[in-house]
Each structure stands twice: as structure tokens, then as C-alpha cells.
Amino acid sequence: MTNFVVEELCQNHTPFYYYDLNLLRSTLKAIKKSVTNRQYKVHYAVKANSNPIILKEISAAGFGADCVSGGEINAALYAGFPSDGIVYAGVGKSDEEIELGLNKNIGCFNVESVEELEIINQIAAKCGRVAKVALRVNPDIDAHTHEYITTGLAENKFGIALESLDHVIETATALENIALTGLHFHIGSQITILEPFKLLCEKINALTQKYSSKGIFFKTINVGGGLGIDYDDPDKNPIPDFKSYFEVFADNLTLRPDQELHFELGRSVVAQCGSLITKVLYVKKGLTKQFVIVDAGFTDLIRPALYGAHHVIQNLTSDGPIETYDVVGPICESSDCFGKNERLPLTRRGDLLALRSAGAYGEVMASQYNCRQLPGTMFSAD
Ligand SMILES: *Cc1c(COP(=O)(O)O)cnc(C)c1O
């Protein structure tokens, strides 16, 4: 559980991201402890948080990296991830990004279409390389999460439809500068029930069985990420239940002894170790409501405005009687609101608030809209 030392936090310019590196390290340890099968390998999804200090902690713990752009490949290499531990996914890879991946000799391209396969083959031939490729399959599974972060339904833009897979595998096998190594899946994000992962295992078993009967074997199976976290009570559940998550795969997925199973966890690794710290500028009494106006806005943390997400808001300064407030940012958009009817101790100008569970898809999505400065950072560790 994160301990906030207000005297230390006060010395920083607000708003800023506060990262509890002890919690990050405990989370990484918990993942390693839960991964008991040597065939399993976890690639951290860099897009959740690419802060160099966070990346270094994760690479030092021995994880691979799941990247979605050339910039992320460079960030991962700079942070010390080994190039063969890098997988590169994305529905729209540019020629320059493909070339970078080939020249850095990354572990795998996760490919989403025949069109992309052909381009990678061409560029690989030009560079005198063979690209290791996994095909991203759209398994048509409902992850029961927010519609913007569900990715494995037939109607989503991601992956290759099951109906087209035979054709894409044939094409991949025929291309000279492509080495088909695996199948890749990712069904969505912030998934808080394990049933969709079990369904995924069953779909994968059916597929690998079908192809092995045709003499086609896959060295790697990649089941993506998506494990959710407890946004409602970060102090009760600071570390997700990784043990149950990995057990679903151990219990339901059939692996051959020479196969590897890859995971791409993002949010569940970093979300709980980060908080956005913001200062109260004004407490404004409206006709029917009181507004707490803070110096952070959706430029610093966009999840509430983008997905209607809610982050627990904690007043770190006050322990007065409870009042009800709307907590809003300074940006000229009505969506710039962090919480409606929040019950907080009596709040005054100058108080520090923490928006909790903001370590994933927080700092990485910050923008400079309204000519605002990007949020700062502070790290704590023993
Ligand atoms: C975003 C993404 C992930 C990570 O998802 P989390 O929900 O943060 O675990 C993994 N794999 C792919 C392909 C992704 O797009």
C-alpha cells in the first residue's frame, strides 16, 4: 500500500506523477512468483507506461517488452530490454518502423494482415533478413469490458478473422523472408473476470489442434494482456491476483513441451504504483454544488474524459469533516472532470489530492493541449 509523505510531495511543482517503486517491485516479484512454468514468458506492454525509470525497473526484473511503435522499440532497447525479448505489434506499422525492427533483430513481429506480411517480406528481403512473425488472430471473444478497450470481437479492426487464417498461414509459409513462428491473441483490457481468458484458451486449443493435424506447428502462442486491476479500492488490492490469472492458462491451455507461451501484461504491472498528485486551486460554491478546481486536467490524465473511467480521489492534506464535491480540472471542456459527488474531507485551496491507480495509460497519454506543461514525476523507493 502506498504511503504518501505530504511534506515531501509539497516540494514538487504540481501536477506530477508519483511512482511508488517499492510497490512496482513487489508487483514484479508477485508476477515472477506466479509464473511457475518455464515455458511462460511475460512481455511488459510498454504502451501502458514508457517512463524510462519504470522501464529500467521492469527490464532489470527480466521481463521482455511488447512494443507498438518504433519509438517504443527504441525506448525498450535504451532501458536494457534484450532485442530478442521484444515483440512488436500494431495494426499500422510504417516501413521505417519495420526496418528498425529488422535491423535491431527483434524477437517477433505480430502481424495483422496479408498486406502487412507482404510488405514485411519485401523490406526483410531488402535488408537481407528473415522476419520472425506471429499472426494476430481475432478470436471473436467478448471480454466484457469498455467498448473502446475490447479488441477481440469480429467487428473490431484488430487481427486476422478466423475465416481468413488458413489463407494467411499459406501466404506466410510461402514467403521467403518470413519465418512463421506463432499465433498471437489479445482480447481487450481491464478484464476483471477470468472467464474470457478461459474461452480464449479453448479457442486456441481448437486452432492448434486443427493446424497440427495438417502438420503446422507454432513455436509460440501469445495470449496478449488485459488483466484488470481494482480501481475502486487500490489500498485493498494493490497487487492483482496474478496467481489465479496464470492458473487459468495452466489449467486450460494445451501446450506442447517445446512451445512457449507469451503474455503481454501492461496495466496490471504498473497501474497501482502511480498516482497523479494535484493541488486545489479553488473551492467554488455553485448554486447546488461545490466544485473543487484542481491544477491537473485531462491533459495530465485523460482516462476519465476518454473512457468515463473513475480514479479514487484522496485528499492528502485534510482530515476534516466529510463534504460532497465535484472535482474538476481547469481545461475548457465539460469532460474535464475527475469525479462527481465525491465525498472528501473538508477541502481548501492548497490541499494536495491524489488520483490513485494512475500508473497505466496516465503519463503516457499526457498532452500539451491549451499550451499546458506536461506533468512532472517523482519516484519513491527504499
Ligand atoms: C494494449 C495491449 C496490451 C496490454 O494490455 P493491458 O490491458 O495493459 O494489459 C497487450 N497486447 C496488445 C497487443 C495490446 O494492444
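The second largest pocket of this predicted model is lined by 17 residues, of which Asp84, Gly107, Lys219, Glu260 and His262 lie nearest its centre. A pocket is an open set of points on a 1 Å grid over the protein atoms alone where a 1.4 Å probe fits, with protein on both sides within 12 Å along at least five of seven lines; lining residues have an atom within 4 Å of a point. Two or more lining residues come from each of β2 (40-45), β4 (86-88), β5 (108-111), β9 (220-222) and β10 (260-265); strands are DSSP runs (E, at least two residues), and helices are such runs of H or I with at least four, both numbered from the N terminus. Residues are numbered from 1 along each chain as its sequence is written. Local features need pLDDT of at least 70, side-chain atom pairs count only at pLDDT 80 or more, and totals for chains, interfaces and linings use all residues, while side-chain values use heavy atoms, without hydrogens and water.

Helix packing was also examined. Helix α2 (residues 21-34) packs against helix α9 (residues 242-252) at an angle of about 30 degrees, their axes being 9 Å apart; axes are lines fitted to C-alpha atoms over the stretch in contact, and angles run from 0 to 180 degrees between N-to-C directions. The two helices α2 and α9 are therefore roughly parallel, a term for angles under 35 degrees. In contact (heavy atoms within 4.5 Å) are Thr27, Ala30, Ile31 and Ser34 of α2 with Phe242, Lys243 and Phe246 of α9.

For helix α5 (residues 95-103) and helix α6 (residues 114-127), the axes come within 10 Å and cross at roughly 55 degrees. This angle makes α5 oblique to α6, the class left once angles under 35, over 145 and from 65 to 115 degrees are set aside.
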